[in-house]
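Trainee: I would like to go through the terms used for this model one by one. Please set each value against its cut-off.

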Amino acid sequence: MRDAALLGTRLVVGSYLAVHGAQKLFGAFGGPGLEKAGAGFHRIGLRPGKPMAAAAGITELGGGVLTAAGIADPAGPLAIMGAMTVAATTHRAKGPLNARGGFELPLTNLATAATLAAVGPGKFRIGPSLPRPLALAATVGGGLLAAALVARMLTAAPVAPASPAEPANSIGQAESAGQPSTQAATPR
């Protein structure tokens with residue numbers, strides 16, 4: 001029963017994170033694609049935006065696939081933990097609940113990935129675990145990278161608010177969030 005529960009958890013979390021990464025990288029599954037995701041990353045202070053969005057997308061896609069398959073454990077859950085640490089930080093100003101755009105979902109994904117990293121993938125997996133020294137190096141390196149990205153984002157210059165003449169949901173904001181624009185484009 002334990003191994004079946006671990007498999008189900010790995011498949012759900014890993015698959016959703018892989019899809020989330022594919023949304024950023026390729027615009028798949030209704031996602032924004034790399035250009036728009038990069039603009040969003042730039043806006044929140046993760047610069048240069050496009051390379052940072054690519055790194056996040058690769059981490060989510062790769063971490064999700066590794067987690068779902070149980071290959072090279074704990075590399076997949078560790079990758080998810082790093083990405084979700086940064087994602088939770090980006091949503092911090094909106095509070096703890098997802099209904100207001102808060103950090104509920106990234107924190108839940110982070111906690112689930114941490115649990116999977118701690119307990120392992122179970123017996124239903126495709127490949128072997130990482131050797132212990134390599135897993136330790138990945139843990140330390142990933143933790144340092146996530147901490148550096150969070151620090152960079154927290155110390156980034158704030159984005160200027162939209163001017164009163166612009167609507168609250170401007171074309172660029174809607175498009176960078178992956179939403180279609182309902183306004184006619186005007187040159188700025």
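Trainee: Why is Phe29 called exposed?

Mentor: The relative accessible area of Phe29 is 59%. Exposed means over 50%, buried means under 20%, and partly exposed lies in between, with a 1.4 Å probe and protein chains only. Phe29 is therefore exposed. As for conventions, this is a predicted model, in which local features need pLDDT of at least 70, side-chain atom pairs count only at pLDDT 80 or more, and totals for chains, interfaces and linings use all residues. Residues are numbered from 1 along each chain as its sequence is written, and side-chain values use heavy atoms, with hydrogens and water left out.

Trainee: What is the phi of Phe29, and where is Phe29 found?

Mentor: Phi is near 55°, a positive value in a residue other than glycine. Phe29 sits in the loop between H1 and H2. Helices here are DSSP runs of H or I with at least four residues, numbered from the N terminus. Most residues other than glycine have a negative phi, and most peptide bonds are trans.

Trainee: Is Ala72 buried or exposed?

Mentor: Ala72 has a relative accessible area of 16%, so Ala72 is buried. Its phi is also near 55°, again positive in a residue other than glycine. Ala72 lies in the loop between H3 and H4.

Trainee: Which residue does Asp73 join through a cis peptide bond?

Mentor: Asp73 joins Pro74, with omega near 10°. Pro74 is in the loop between H3 and helix H4 (75-90). Another cis bond joins Arg47 and Pro48, where omega is about 0°. Pro48 belongs to the loop between helix H2 (33-43) and H3.

Trainee: What makes H1 and H3 roughly antiparallel?

Mentor: The axes of H1 (residues 2-26) and H3 (residues 49-69) cross at roughly 155° and come within 7 Å. Axes are lines fitted to C-alpha atoms, for helices over the stretch in contact, and angles run from 0 to 180 degrees between N-to-C directions. Under 35 degrees counts as roughly parallel, over 145 as roughly antiparallel, 65 to 115 as roughly perpendicular, and the rest as oblique. H1 and H3 are therefore roughly antiparallel.

Trainee: Which helix does H4 run roughly antiparallel to?

Mentor: The axes of H4 and H5 (residues 104-119) come within 8 Å and also cross at roughly 155°. H4 is therefore roughly antiparallel to H5. Among the residues that meet are Ile80, Met81 and Met84 in H4 and Leu107, Leu110 and Ala113 in H5, where contact means heavy atoms within 4.5 Å. The residues of this contact divide into 13 nonpolar, 2 polar and no charged. Ala, Val, Leu, Ile, Met, Phe, Trp, Tyr, Cys and Pro count as nonpolar, Asp, Glu, Lys and Arg as charged, and the others, Gly among them, as polar.

Trainee: How do you know that Pro77 is buried?

Mentor: Its relative accessibility is 3%, so Pro77 counts as buried. Leaving aside neighbours within four places in sequence, Pro77 is in contact with Thr67, Ala113, Leu116 and Ala117.

Trainee: Where is confidence lowest in the protein chain?

Mentor: Confidence is lowest in helix H7 (residues 171-176), at a mean of 39, and highest in H1, at 98. This is pLDDT, the predictor's confidence in each residue, from 0 to 100. Over residues 166-188, pLDDT stays under 50. Where pLDDT is low, the predicted coordinates should not be read in detail.

Definitions and conventions:
Helices (H or I, at least four residues) and strands (E, at least two) are DSSP runs, numbered from the N terminus.
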